[in-house]
Amino acid sequence: MKEIVIVSGKGGTGKTTVLARYAEIANNAVVADCDVDAPNLHMLLNPRIAHREAFVGSKMGVVDPDKCTNCGKCESLCRFDAISTIEVDGRKRADIDIDRCEGCGVCARVCPEDAIDLRDRIVGEWFISDTNYGTMIHALLEPGAENSGKLVAMVKHKAKKTAKDNGAELVLVDGPPGIGCPVIAALAGANIVVIVSEPTVSGLSDFRRVADLAGGFKIKCALLVNKADLNDEMTASLLEEATKREMPCIGRVSYDEGLMAAMAKGADAAAEYQDCPAIIEISKTYDALLGLL
Ligand code: SF4
Ligand code: SF4
């Protein structure tokens with residue numbers, strides 16, 4: 001089984017469009033949408049949810065008001081200032097702010113009354129879905145919730161397991177933007193990483209950052225320049241930077257207004273964009289990518 005991860009360093013470069021096209025061509029790859037903070041692959045692949053589960057991000061402390069004697073031990077030892085004293089019906093007791101609680105468990109350990117319980121904190125959901133091109137594993141984290149790296153790792157794990165169970169030979173991963181913990185989780189175990197970049201000054205900077213990150217893990221990378229014809233000079237800079245890193249370029253895709261208009265209509269307009277020049281160019285990059293695998 002091979003694993004291709006597509007990243008971009010930032011959102012809006014066309015990474016998800018590229019992945020959706022690859023999923024169509026591969027037709028039986030397992031697709032993992034690892035952009036768990038702001039997923040959008042579902043708009044192109046129209047998944048039909050077959051299974052959904054809550055995602056437990058971490059633990060959180062919960063005070064039993066009947067047991068708490070307001071001794072103050074927990075409040076003085078919480079390093080995250082998550083505990084305060086409140087008064088309810090004339091009785092003072094400890095109260096935990098769940099937005100500050102990191103679930104470290106210190107308060108539960110020190111409470112002499114055994115008044116604090118550590119409970120699971122559900123911060124999102126993950127899904128196994130059917131698409132017209134194969135199984136898709138995806139997830140959604142609650143706004144502002146932490147643990148996105150953990151959820152990304154879980155989505156990837158489920159995708160690989162599904163591929164193994166289904167006999168699929170390819171896992172296609174839509175990576176999150178940026179270079180933080182979720183991206184590192186998405187890169188882990190990849191056979192090759194495709195970096196989709198736009199020919200802009202910030203695009204070049206993002207390309208360098210994500211190439212440095214993947215290079216640090218010694219993962220093979222390839223460059224795909226999207227909207228390459230919008231700025232020949234910056235496209236040349238991207239290609240030069242890739243050459244310096246001995247990174248192959250699997251193709252340059254042109255800006256295509258027809259594709260943009262069709263994509264805006266979502267999965268229902270799939271037939272409309274099949275003949276768009278940019279889609280044909282993206283298809284050629286897939287052939288080049290398989291050559292590198
Ligand atoms: S679990 Fe840790 S962070 Fe949360 S309230 Fe208790 S001591 Fe503070
Ligand atoms: S340590 Fe226990 S009894 Fe003391 S204030 Fe905290 S919850 Fe209440």
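This is a predicted model: local features need pLDDT of at least 70, side-chain atom pairs count only at pLDDT 80 or more; totals for chains, interfaces and linings use all residues.
**Entry 1: the whole chain**

I started with burial: of the 293 residues of the protein chain, 43% count as buried (20 or more other C-beta atoms within 10 Å of a residue's own, with C-beta atoms placed from the backbone; 12 or fewer is exposed, in between is partly exposed). Residues are numbered from 1 along each chain as its sequence is written, while chains are lettered from A and ligands numbered from 1 in the order in which they are written.

I got about 70 × 40 × 35 Å for the C-alpha trace along its principal axes. I counted 11 helices and 11 strands (DSSP runs numbered from the N terminus: H or I of at least four residues for helices, E of at least two for strands). Of the contacts with a separation of 6 or more, 76% join residues 24 or more positions apart (contact: C-beta atoms, placed from the backbone, within 7 Å).

**Entry 2: α5**

I checked α5 (residues 148-166): its 19 residues reach 27 Å from first C-alpha to last, close to the 27 Å expected (1.5 Å times one less than the number of residues). Which residues of α5 are buried? I found S148, L151, V152, M154, V155, K156, K158, A159 and A163. Their cover includes β3 (48-63), β6 (116-131) and α6 (181-187). After α5 comes G167, with a positive phi near 75°.

**Entry 3: α7 against α8**

I then took α7 (residues 201-216) and α8 (residues 232-244), whose axes come within 10 Å and cross at roughly 10° (axes are lines fitted to C-alpha atoms, for helices over the stretch in contact; angles run from 0 to 180 degrees between N-to-C directions). The pair is therefore roughly parallel (under 35 degrees; over 145 is roughly antiparallel, 65 to 115 roughly perpendicular, the rest oblique). On the α7 side I see V201, G203, L204, F207 and R208 making the contact, and on the α8 side M234, S237, L238 and E241.

**Entry 4: A288**

Last, I looked at A288, which is in α11 (residues 277-292). Buried or partly exposed? A288 counts as partly exposed, because it has 14 C-beta neighbours inside 10 Å. Leaving out residues up to four places away in sequence, A288 touches I250 and G251. A288 and I250 are 38 residues apart in sequence, but 5.5 Å apart C-alpha to C-alpha.

Conventions. Two residues are in contact if their C-beta atoms, placed from the backbone, lie within 7 Å.
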